[in-house]
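Trainee: Could you go through this model with me? I'd like to ask things as they come up.
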Amino acid sequence: MIHYRTALYTALLAIFLLISQPLWPQSVTPVFSKTHSDEVFHSKWGPNKKHYATGFIRLTEPVSLSSWQAVKIAGSLDFTLGGRYKRRFCNFYSTGFDIFYSTASYNMKNPGELLKVKFMTEIDKERFANHSIAGAWFHRFNYGRRGDHLGKYIEAGVYGQYHFAVRHKFEGKDQNFDITATTSAVNKLVNRSAWGFQAGVGFNKFKVFAQYRMIDYLKPEYSKTDITPLRVGLEIDLGG
C-alpha cells in the first residue's frame, strides 16, 4: 500500500511539473512584451516618430562669387548652435522649424575691397565679424528604410536672419605708421536682416547643406557691402 501511495504521489508530482513548466514563461512573456512594446513602439517622440525635438551644431563657410567678396577659407568660420522641432506626417514626409544663434568671423582675401576706408593708405589685413539670430522652416523628404532613425533624406526650406554686433577690423599703414582699427561704421551699410533659401542632403546625424541670401535681389545696395550670399556647411544632429 505504501509503495502504491508513493508511486501515486510521484506520478501526480511529475504530471504537475510537466503541466506547470510551460505555463511559467508564458505568464511572464506577455507582461514583458507589452511593456517593451509600450516603450518602443507606442511612443510619439523620437527621430522617426510623430514628434521630434533636438539640438544641432553647424560649421559653415562662405563661397565667394566675386573677387571683392572673396573670403579666405583658413581662419574663417561661421559656428551655429540651434534647436529643432520636426513633425512627421507620413513615412516619407515631415516638416518643422529651426531656431539658432550664429557667430561668424571672416578673413577677407582682398583687404579694402568690401569697405573702403580713408584713414589708411595701405591695408594689409581685413576681418569681418558678426553675430546673428535666425529661424528657418523646412520640408523633409525621406527615402529608404530607417527604423527609428533620421535615415536618408533631402530637405528644402526658407530662413530669416538678423545680424547684430557687426565689426570690421583693419590692419595696415598710414604714412609709414602701423595702424589697427576696428569700426562699426559698416553697421549702417551691411545687411542687418536677411532671408533666403536653403537645401540639404542628410544621412542620420549628418547633413550637408547650402544657404543662399535672396534679399540682395530686393535691395541691390546690400550686395555691394555684404559678404558673398552663398554659404555651404556641415550640420550634426545632437539627438537621433
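Trainee: Where is leucine 77 found?

Mentor: Leucine 77 sits in strand S2. Strands here are DSSP runs of E with at least two residues, helices are runs of H or I with at least four residues, and both are numbered from the N terminus. Keep in mind that this is a predicted model, where local features need pLDDT of at least 70, side-chain atom pairs count only at pLDDT 80 or more, and totals for chains, interfaces and linings use all residues. Residues are numbered from 1 along each chain as its sequence is written, and side-chain values use heavy atoms, with hydrogens and water left out.

Trainee: Is leucine 77 buried, exposed or partly exposed?

Mentor: Leucine 77 is partly exposed, at 39% relative accessible area. Buried means under 20%, exposed over 50%, and partly exposed in between (1.4 Å probe, protein chains only).

Trainee: Which residues make the nonpolar surface patch?

Mentor: Leu59, Leu77, Phe79, Leu81 and Leu238 make a patch of about 440 Å². S2 supplies the largest share of the patch, three residues. Patch residues have over 30% relative accessible area and no salt bridge; nonpolar side chains (Val, Leu, Ile, Met, Phe, Trp, Tyr) are joined within 5 Å, like charges within 9 Å. Areas come from the Shrake-Rupley method with a 1.4 Å probe, and for residues only the protein chains shown count as cover.

Trainee: Switching to the inside, which residues are in the largest nonpolar core?

Mentor: There are seven: Val71, Ala104, Tyr106, Met108, Phe128, Val166 and Ile227. Strand S3 (residues 93-108) contributes the most, three residues. Another core of five residues lies apart from it, including Phe56, Phe100, Ala134 and Tyr159. A nonpolar core is a set of buried Ala, Val, Leu, Ile, Met, Phe, Trp, Tyr and Cys residues joined through side-chain atoms within 4.5 Å.

Trainee: And how many salt bridges are there in the whole structure?

Mentor: The search finds eight, a salt bridge being a side-chain nitrogen of Lys or Arg within 4 Å of a carboxyl oxygen of Asp or Glu.

Trainee: Which salt bridge does arginine 84 form?

Mentor: Arginine 84 pairs with aspartate 98, with 2.7 Å between the closest N and O atoms. Arginine 84 is in strand S2 (residues 71-88) and aspartate 98 in strand S3, 14 residues apart. Aspartate 98 also meets arginine 58 in a salt bridge, at 3.7 Å from N to O. That pair reaches from strand S3 to strand S1 (residues 51-62), 40 residues apart.

Trainee: Is aspartate 98 buried or exposed?

Mentor: Buried, with a relative accessible area of 1%. Arginine 58 counts as buried too, at 2%, and arginine 84 is likewise buried.

Trainee: What about glutamate 155?

Mentor: Glutamate 155 forms a salt bridge with arginine 140, the closest N and O atoms being 2.7 Å apart. Glutamate 155 is in strand S5 (residues 152-174) and arginine 140 in strand S4 (residues 122-143), so the bridge ties together parts 15 residues apart in sequence. Both glutamate 155 and arginine 140 are buried.

Trainee: Which residues are linked in a network of salt bridges?

Mentor: The network links Arg58, Arg84, Asp98, Arg140, Glu155, Lys207 and Glu235.

Trainee: Last topic, the overall picture. How many helices and strands are in the protein chain?

Mentor: One helix and nine strands, in the order α-β-β-β-β-β-β-β-β-β from the N terminus. Of the 240 residues, 35% count as buried. The chain exposes about 14500 Å², with 66% of that supplied by carbon and sulfur atoms.
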